[in-house]
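Open your viewer and get ready to click. This tour tells you what to select and what you will find there.

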Amino acid sequence: MLRNNIGVIIITILLYGLIAGLVTGLGAVISISIKNITNKILSISLGFASGIMIGISALSLIPTSLDMSNSIICIAGFAAGALFLFLVDISMPHIHKVEADLSNYAKMGYFIALGITLHNLPEGIAIGATSEVSYHMGIMTALTIGLHNIAEGLCVAMPLCLANVRKSRVVLITTMTGMSTLLGTGLGMILGLISPLIIAFFLAFAAGAMIYISSDELIPKSHHSHSEYANVGIMLGFILALILS
């Protein structure tokens, strides 16, 4: 009976990881269904996503990492996560850094999709690792990552839509970027069974990655045109993370 219950829990956590990845495609569906995505909508949605990411990192991932290990491991994991995203950052063009005409939007979309695919992996690891701490924390992390994946889906889909890529292809490409979340979830569960210190490291790793992507991508883009809407989104996102914590 115990073995069966463990199997159900593992399948459930993997399912949450899959859903967290799949909802990235929802961002594409929203993008292709909105004829005119205003700057106000973009600002508040990206701000909301960054507020959630910063909140879950500061209120859940980092404190849990410290409880399970020590400050050295936590700092090392945090720095490694930030460094990983930095390496992705310097090798990929980003929406807020690239000045491009219509003919370059498709290339932008594909590069952004690749960058998000890479950074979804440690987020999946966070889901798997936190599930080894507690079932509730795993679900909470999956929900948080799923919410911000919707905003990421918008970031991938919008330049592809502007490049007149077929709608079905936009949804497919955007959804596939989230599949690395499932891979990371399985990897996180395996690593979590080896040592609590590994869990602590990857919790901090995910926090570093989330805060880096918030600071580098989401917040600057959210403040590009309507900073007041971005601030409202950030506050609401942080409040939701606080409630979930």
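**Ground rules**

This is a predicted model, in which local features need pLDDT of at least 70, side-chain atom pairs count only at pLDDT 80 or more, and totals for chains, interfaces and linings use all residues. Residues are numbered from 1 along each chain as its sequence is written, and side-chain values use heavy atoms, leaving out hydrogens and water.

**Stop 1: the whole protein**

Show everything as a cartoon. How many helices and strands does the protein have? There are 10 helices and zero strands. Helices (H or I, at least four residues) and strands (E, at least two) are DSSP runs, numbered from the N terminus. Along the sequence, the pattern reads α-α-α-α-α-α-α-α-α-α.

Of the 245 residues, 48% count as buried. Buried means under 20% relative accessible area, exposed over 50%, and partly exposed in between (1.4 Å probe, protein chains only).

Next, think about contacts (heavy atoms within 4.5 Å). Take those between residues at least 6 apart in sequence: 87% join residues at least 24 apart.

**Stop 2: helix 2**

Select residues 24-33, which form helix 2. Colour its buried residues: T24, G25, G27, A28 and S31. They lie on the same side of helix 2, because they cover an arc of only 145 degrees around the axis. The arc is that of the directions from the helix axis to the C-beta atoms.

**Stop 3**

Select S50 in helix 3 (residues 39-68). Is S50 buried or exposed? S50 counts as buried because its relative accessible area is 0%. S214 is also buried, at 0%.

Leave out residues up to four places away in sequence. S50 then touches S214, L218, I219 and I234. S214 touches S50, M53, I54, I219 and P220.

**Stop 4: I116**

Move to helix 5 (residues 105-133) and pick I116. Why does I116 count as buried? Its relative accessibility is 9%. Which residues does I116 touch, not counting those up to four places away in sequence? They are E152, V156 and T177.

Finally, select L85. L85 and I116 are 31 residues apart along the chain, and their C-alpha atoms are separated by 9.8 Å.
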